[in-house]
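Me: Could you walk me through some ring contacts and helix packing here? Let's have the model on screen before we start.

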Amino acid sequence: MPKIPIPQYQQQNGPALNAPVSRAPGVAVQDNTGQALAQVGGALKLGADVLEQQNQEDARAWVSQASSTDYVKWQNRMTELQNNARPGAPDFTPTLLTEFDNYAKEAIGNAPDAASKRYYQAQLGNLRQTLGASAVRWEAGQRQDQRVSQYQSANEADALAVSRDPSHYLDRAASAQATLSTSKLPPDVRQKLMTDSKHTIAYAAGLRMVNDDPQAALSALTLSPDQKPPAGYEWVNNLQPQRALVLQNHANTLVNQIQNRAVAEQNARETQGVKTYNSALDLFTQGKQFSPEFQNQLLTETAGTSSSADAQKLIYEASSMSGFASKSLAEMRGELHGYQATANTPGQGTDPATMAAIKQRQQIYTASVEAYTKDPWNAALDRGRIGTLPPVDTTSPQNLVSSLAGRASIAPLVDSAAGRPVSLLTNDEADSVLRTVNALPIDQRAQLVNQIGGAFGGAGRIGDLAKQWKEKDESMSLALKAGAGGGNGNPLVTTSGTPVSAFILSGQQAIKDKTVKVEDIAGSGLNSQIATKINGVLPAEQEADSKRMAYYIAIGSAARNGRTAPNSTDIENGINAATGGITNTGGTRFNGEPNRVAMPYGWTESQFSDSVKAAGTGNIENTVNGAPIGAVYVGRDEIPAADFMKKFASYKLVRVGVRGTYAVQAGQHFVNDVMGRPVTVHLNLGQQATPTAVAPAAQVDNPFGG
């Protein structure tokens, strides 16, 4: 504040003047100069007092404004320091006051005048006392909060230690109570910490022991209040009532889940035994004798399963039995048939109780069949076949493919219950995945479909997912099959390396966008041309898929080559991509023309013909007990395998594996092995005939007909 200058007055001494000589007579003069000077001096003093008062008031006003601003400033500064303080606020008060003192010293030094400095110093002193008192209280509170937090952390650490090893429960619980009981915290705070510690450590021990042995824990948790818990379960009495109920319910759930999983796992182990037993039963009904090797195989693979006793009885010409208590559809059906057979057997008959049991089982079986047909994963989950449903992440293509591994790991349990290889996705998940795939560009769509097929693995699972997609998007269903239709489950690709699935999806997109025009005239349209080529070449279901696949590929080929309608090249490309290419095989059709067969993907006709002519017994895939089969069967007629392969080029072949695996059709049936399985022959590209092989004639009569 600028100082107000106070004027200073000094008596002025002028030059000495000569007094005039009076020329007039003497006159008396009244002189008041002294009084006037006194009055002037009084006035000057009064003015100085007034100015001093104004200076004092100005100083007070300046200090009032400055100190009020300081109060707000230091309130904010204190809040800032509190927000940034370390846990427990160590040295908070001295740090704050030191900073304040430095500020006060500088601020007082900058005051405009002495009066302001004096007043300002007093105000800052008051502010320092206020800040100091607040800081002390806040720091004390923070220190107490830190101690409470440290006790709580110790409590959590004790709980963690006990959750890892519940045998330390008594030691850690007693140590925590002893430590807290001697603390200097306020009584109410101390008591709350002791109570929380008791409950928390008890719950940690209980949760671990429930997870480790739910049955034993459930027994301890359901004791009456007057019963003493067994050793190791002392924590039961220290649980909060609601947490005791939570642990009891959790233990009960785990007990039920373990029982259900045990049954499901047993069912999975029984699958192989049932399969071998059914093969034995089939041989038995045909009147064939069991070899010693097969008897050993049957007893070994059914040991420990519900088929074990049946297998022993079957070996000794006993009838088979199965139990309805198992939760697979096959086993349900078996016992139900047994009840019905007993009821219809003369001399045995039935009664109302038995008929009621049959009716009940029939209802359960019918409901289970429907559930496993529509949604096998949730059916298995609802019936306790599996404990949990591993999640599938559909948020991105990468997450989807990687998350399928968890689902695949327990799929055999669902397969055993449903009686078939099932899709890895529920219906809702399949719809979600379909939307995810369709949101991508065509080539990325094809790539993801191929990856999904690879993650699914077996053809049965892929086929099941294709069925889930078929009604909503036929082209995507076919693209999925093409994505895993190659050798070892690899994608089918064209000679240029482009995935066949990409052509299928391009065809669907062209139809949707109407960029390719398709005229489907009866007898001459695209579908008719494709059907003429493919009819009778493949098994029925494969044939239907191949026709639709060829249709989409032909349109996709036209679209990718900038044509508005498929030409003959596009159609031929579609047929070859969908089937692998078609050539002649042994025998003749009803119209006198040669039978036709689909070739392995990527083979030429000459390569296929050479491989067929060169095939020998070493190409037969079937084995019994690990040894190659020595004979094949056409109906009940036995033919040595070597004689069978000599005429292989004359047979009607049916491709059952896209990379060169074929079965032989004899009339309306396949040629089988001793186990009743179709004989499959795998052709090798570039195979040369062995020196002992008999080179077949260009056309040899097909001994099987058809």
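**Rings and helices**

Reply: Happy to: R560 lies over the face of F503, 5.1 Å from the ring centre, where a charge sits over a ring if NZ of Lys or CZ of Arg is within 6 Å of the ring centre and within 35 degrees of the ring normal. This is a predicted model, in which local features need pLDDT of at least 70 and side-chain atom pairs count only at pLDDT 80 or more, while totals for chains, interfaces and linings use all residues. Residues are numbered from 1 along each chain as its sequence is written, and side-chain values use heavy atoms, leaving out hydrogens and water.

Me: Over the ring of which residue does the charged end of R118 sit?

Reply: The distance to look at runs from the charged end of R118 to the ring centre, and it is 5.2 Å. The ring belongs to Y119.

Me: Are the rings of Y233 and W235 stacked, edge-to-face or tilted?

Reply: Rings of Phe, Tyr and Trp (its six-membered ring) pair if their centres lie within 6.5 Å; planes under 30 degrees apart count as stacked, over 60 as edge-to-face and the rest as tilted. By this rule there are nine aromatic pairs. For Y233 and W235 the centres are 5.8 Å apart and the planes are at 45°, so the pair is tilted.

Me: And what kind of pair do Y551 and Y552 form?

Reply: Their ring centres lie 5.7 Å apart. The planes are at 75°, so this pair is edge-to-face.

Me: Is Y552 buried or exposed?

Reply: Buried means under 20% relative accessible area, exposed over 50% and partly exposed in between (1.4 Å probe, protein chains only). Y552 has 6% relative accessibility, so Y552 is buried.

Me: How is α20 oriented relative to α21?

Reply: Helices (H or I, at least four residues) and strands (E, at least two) are DSSP runs, numbered from the N terminus. Helix α20 (residues 540-560) packs against helix α21 (residues 568-579) at about 135°, with axes 7 Å apart; axes are lines fitted to C-alpha atoms, for helices over the stretch in contact, and angles run from 0 to 180 degrees between N-to-C directions. Under 35 degrees counts as roughly parallel, over 145 as roughly antiparallel, 65 to 115 as roughly perpendicular and the rest as oblique. That makes α20 to α21 oblique.

Me: Which residues does G556 contact, leaving aside neighbours within four places in sequence?

Reply: G556 is in helix α20, and at 0% relative accessibility G556 counts as buried. With contact meaning heavy atoms within 4.5 Å, the partners are F503, S506 and G507.
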